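Dear colleague,

I am handing over the structure below, and my notes on its domain interface and its salt bridges follow. Please read them with the model open beside you.

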Amino acid sequence: MSLLHTLSSDGDARLLQLKTWLQGLGIVDAASARPASADASFRRYFRVDVLPAAQAQYGATLVAMDAPPERENTAAFVKVDALLAEAGVSVPAIHAQDLEQGFLLLSDLGTTTYLQALNHDNAATLYAEALSALVNIQLRSQPGVLPEFDRAFMQRELDIFPEWYIGKHLATTLTDAQSAELQKVFDHIIATCMAQPQVFMHRDFHSRNLMWMDEKNPGILDFQDAVYGPITYDAASLLRDAYVSWDEELVLDWIIRYWQHAKAAGLPVNKDFDAFYKDFEYMALQRHLKILGLFCRLNYRDGKPLYLGDLPTVMEYVRRTANRYRELKPLVKLLDALENRQPAVGYTF
């Protein structure tokens, strides 16, 4: 049976295109392509076997990215890949590219994500290595290179929460008073986040996008949406992860160590740890409110229901943080009303 016949029988036009492109490179066995990872976006990754004659140069396997050009910005991936490589962190090497078709052939950073590798014995080491890589990235920061994560950007992200979590998931319409109250909370969050120093920001620096590697850990993926934004964002993304949660004492220890490292490296973190920690919490809250809406959108619009299983973890983060700050208490009150939950009342006798 010819290769072309085998390809067309799978009924996947993009995969056919990708395999035809791969075959023309003369580096890999196009027929060996198999799914390498799932993605929340429209990108797909396929692991492919390197031809024997090319293995000395490329290793045993490479990863092909399929990013439909009308949906995904592959040029941004290429640009940020170069920026991060310059920062000395582990990112895939790009061995071949066709931006018009949305195809890349990348070095293989392995099959084990941080999410799969993390346990109580190795967490301190793995997080220290990830935060060290983050400091290296942030030290390379300069304005005018990446898009800005500005006020309008933050507001757009926060708006996903009322639209998809409240409107679609809870099937509820807020009253005018509730909408105004929620926007007031959003304004507090945005003001606190906008006041932070700005650096290069990965935007999805978490356990599913970091790969466990034998050396130069971690391997960093999924960075094409990088922007220039608040310095606490990526640390919040990593340590208040939607997919894995840790005791608050552990997270506090890790964030203190990051703060000390960043300060010693000359990064513009707040010199007062309490103020820095508030920045970190507000940034995490902005991200978590967006994620609540985003996970619902992935389910209802994109047919990816798995993400709904992570909603309780994210909501727990939201409630815990909002309960700690007076100006965020209206958010807890709103969530209680939406979920018909009675606020906790303490009695003193």
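In this predicted model, 19 residues of domain 1 are in contact with 20 residues of domain 2, where domain 1 covers 13–107 and domain 2 covers 114–340. The centres of the two domains, taken over C-alpha atoms, are 28 Å apart, and the area buried between them is about 1700 Å², with carbon and sulfur atoms giving 61%. Across this interface there are 4 residue pairs in polar contact and 2 salt bridges. On the side of domain 1 that touches domain 2, the residues divide into 10 nonpolar, 4 polar and 5 charged.

The structure as a whole holds 21 salt bridges. In one of them, Asp 12 meets Arg 44 at 2.8 Å, N to O; Asp 12 lies in the loop between helix H1 and helix H2 and Arg 44 in strand E2, so the pair ties together parts that are 32 residues apart in sequence. Asp 12 is partly exposed at 22% relative accessibility, and Arg 44 is partly exposed at 28%.

Glu 248, in helix H10, and Arg 324, in the loop between helix H12 and helix H13, tie together parts that are 76 residues apart in sequence, with a salt bridge of 3.0 Å, N to O. Both residues also belong to a network of salt bridges that includes Arg 240, Glu 281, Glu 316 and Arg 320.

Finally, Glu 339 forms a salt bridge with Arg 319, their closest N and O atoms being 3.2 Å apart; Glu 339 is in the segment after H13 and Arg 319 in helix H12. Here Glu 339 is partly exposed at 27%, whereas Arg 319 is buried at 8% relative accessibility.

Technical notes:
Residues numbered from 1 in each chain as written. Predicted model: local features only at pLDDT ≥ 70, side-chain atom pairs only at ≥ 80, totals over all residues. Heavy atoms only, no water. Domains from an automatic or database assignment. Contact = heavy atoms within 4.5 Å. Buried area = accessible area lost by both parts, 1.4 Å probe. Salt bridge = Lys/Arg side-chain N within 4 Å of Asp/Glu carboxyl O. Polar contact = N/O pair within 3.5 Å; in protein donor to acceptor, adjacent residues only side chain to side chain. Nonpolar A, V, L, I, M, F, W, Y, C, P; charged D, E, K, R; others polar. Helix = DSSP H or I, 4+ residues; strand = E, 2+ residues; numbered from the N terminus. Buried < 20%, exposed > 50% of the residue type's maximum accessible area, 1.4 Å probe, protein only.
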